[in-house]
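These are my notebook entries on one structure.

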Amino acid sequence: MGSRNVRKKITVLGSALIALGAFTVTPVAASAAGHEAAAVKATTVAAPHSCASNVRWCTEVDDSELVFGEGHYVGHDEPSVLYYSDKAGAGNDNTYTVRLPKDPPTQPRQDGSGSTWNFQLHPAFWLGMAMCDDQSAPGPASGNASCAPDSDSNIYNSADPSSPRYIGKHPGSAFMEMQFYPPGWVPWPAGVSCDPTQWCAALNIDSLSLDYNKGLQNNNACLASAGVEYVNFAFLTKDGRATTPADPTNGDRFNLDPAKDFFMKSGDTLKVHLFDTRAGFKVEVNDTTAHRSGSMTASVGNGFAQVKFDPTATSCTTLPSAFHPEYSTSSEATRVPWAAHSYNTAYSDEIGHFEYCAAADPATGVCTQSAGSEALDPDDNGCFNPGDSLLVRIGGCLGNSPTDDDYDGVTYQNTWPGTGSPAVDRATKPTAIVFSSPTFRDGRQFQRVAFETDLPRIEDNDTLANPCDRTTGVNCVNPPPGANFYPFYSTTRLDGSCVWQEGGANIPGTRNTFGGDSQKEFGGLLQLAYPGVGNQPRFVYNDFRQVLDFNPCRASQ
């Protein structure tokens, strides 16, 4: 971000390490009077497929400038549904029903006057769960307790540094996103699609090589090979064995193997089971329409690994590791303490990553020719030409650094199902993603739900004339500035049961719109406490959240 926002952060966050270009490999001492961090510039090299480049599979951190460096904004727009239950299994054993959306019968046009397809609305949607990783934030060098898998003993949420449950003492945490990728456009790993007509899916686990309490970042060798936010990644396969190790330092893990990877068709209904095993956390997807299945286990055998946190080392070491869920239950208390969102068990959509571009420089990925009436913007990067696509021959930008931070792209228009008349929607828009509330442990139901979006986090950027101040909440708004629409969740029926859907208020068969717009549904600002240098907590508005005291859409209703 620009210097204006950096100066603001130094003022309001005190002893937090705000003036850093990035966290460094040595502790930063705070002044006795003002507790302000010294200004230090990192000289590390970004890793290939780095989360610092806003790759689309990365978990949104609490403060991207703090993590990735001054002047660097990373944003992931993620409207979400969260699920709460105080019963054992809610945080580590979930089963969903998911129906993949269909694209409209006609293809999009380069000038934006045609239809909208799924790859334009969301490069991925996902099912989430918190994981253990002792090498990950918040305090891998601070002597924090080891993470006990599948246990609420890992809840450390106090903002009082003297408390034995202070958030800075939280065991190391990662976040799992079971992601689904739409067909039809630029292929992986540069683009979003695995196939011209079929969906694919991957198990992602994101960790953070930072010690918030000491202001320490991992060594330069690890930052160059894995990145500060490192990603274990493996496509689901037909036999459950990774085609290449999921290890965060393996650059080949994002490449497809069509002979082995698991594919699904638009409109298929899936049963998705997320659960722990002795070998590691496992995902099973049963396509009940096509009668085939795929899976992946976060196991040592599939090459999953933690990146050893060793700031003074001159080489990078990965530790073969099976990943396991962090918590037993799911509630407001079961957080990943370095993430922008407050969730454990959750469904989320990844939006805000497509803008039309008629021509792009293949060497830089910068848009060189706008499409239709849209002018070129600074966020028109990460762009592709029409000939790069697998099927739909249009050019566009994914906004890799940053995302669509002026909110004028396809996601923020009336391009979603339920935003027009039924006839227009059928002809020009995809059907909605449909998903059930999860059940757990032999069909138990979640007691409560919440709606949450991280708009405040991504509205803190210099593209906006009046950026969100995440300390005070001033200028943090929903919908975001410049947006003509922001999607929200409603309920309908599928095979006799209540299910969720995403889009506008007018999807045929809708039962409950929860107020009929995003502002009413996602509620007010949520302030969260985060760890800071010298055990000085930071208090930040990263989300809008509304918690319901019941579950209005139980899977069996």
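Which residue forms a disulfide with Cys383, and how many Å apart are their sulfur atoms? I found that Cys383 and Cys397 form this disulfide, with the sulfur atoms 2.1 Å apart; I take a disulfide to be a pair of cysteine sulfur atoms within 2.5 Å.

Before going on, I note that the model is predicted: local features need pLDDT of at least 70, side-chain atom pairs count only at pLDDT 80 or more, and totals for chains, interfaces and linings use all residues. Residues are numbered from 1 along each chain as its sequence is written, and side-chain values use heavy atoms, with hydrogens and water left out.

**Entry 1. Disulfides**

I return to Cys383 and Cys397. The torsion about their S-S bond is about 100 degrees, so this disulfide is right-handed. The pair links distant parts of the chain, with Cys383 in strand 19 and Cys397 in strand 20, 14 residues apart. Strands here are DSSP runs (E, at least two residues), numbered from the N terminus. Cys383 counts as buried because its relative accessibility is 6%, and Cys397 is buried at 2%. Buried means under 20% relative accessible area, exposed over 50%, and partly exposed in between (1.4 Å probe, protein chains only).

I searched the whole structure and recorded 8 disulfides. Among them is the one formed by Cys51 and Cys58, whose sulfur atoms are 2.0 Å apart. Cys51 is buried at 1% relative accessibility, and Cys58 is buried at 0%. Another joins Cys468 to Cys476, S to S 1.9 Å; with 70 degrees about the S-S bond, this link is right-handed.

I traced an open sheet of 3 strands in the order 16-20-19, with antiparallel pairing. Its edge strands are strand 16 (355-356) and strand 19 (383-384), each pairing on one side only. Two strands pair if DSSP finds at least two bridges between them. Strand 16 is joined to strand 20 (residues 396-397) by 2 bridges, and Tyr356 stands opposite Gly396.

I next examined strand 10 (residues 269-275), where 5 of the 7 residues are buried. It pairs in the antiparallel sense with strand 2 (residues 93-99) over 7 bridges, and 6 bridges join it, also antiparallel, to strand 11 (residues 282-287). Leu274 stands opposite Asn94 on the one side and opposite Val283 on the other. Strands 10 and 11 form a hairpin with 6 residues between them, and Gly280 in the turn has a positive phi of about 145 degrees.

Leu274 also belongs to the largest nonpolar core, of 75 residues, in which Phe180, Val272, Leu274 and Trp500 touch the most other members. Such a core is a set of buried Ala, Val, Leu, Ile, Met, Phe, Trp, Tyr and Cys residues joined through side-chain atoms within 4.5 Å. A second, separate core of 38 residues includes Trp57, Trp126, Cys194 and Cys200.

**Entry 2. Lys238**

Finally, I located Lys238 in the loop between strand 8 (229-235) and strand 9 (263-265). Lys238 and Ala259 are 21 residues apart in sequence and 9.1 Å apart in space, C-alpha to C-alpha. A polar atom of the Lys238 side chain lies 2.9 Å from the backbone oxygen of Ala259.

Definitions and conventions. Helix = DSSP H or I, 4+ residues; strand = E, 2+ residues; numbered from the N terminus. Polar contact = N/O pair within 3.5 Å; in protein donor to acceptor, adjacent residues only side chain to side chain.
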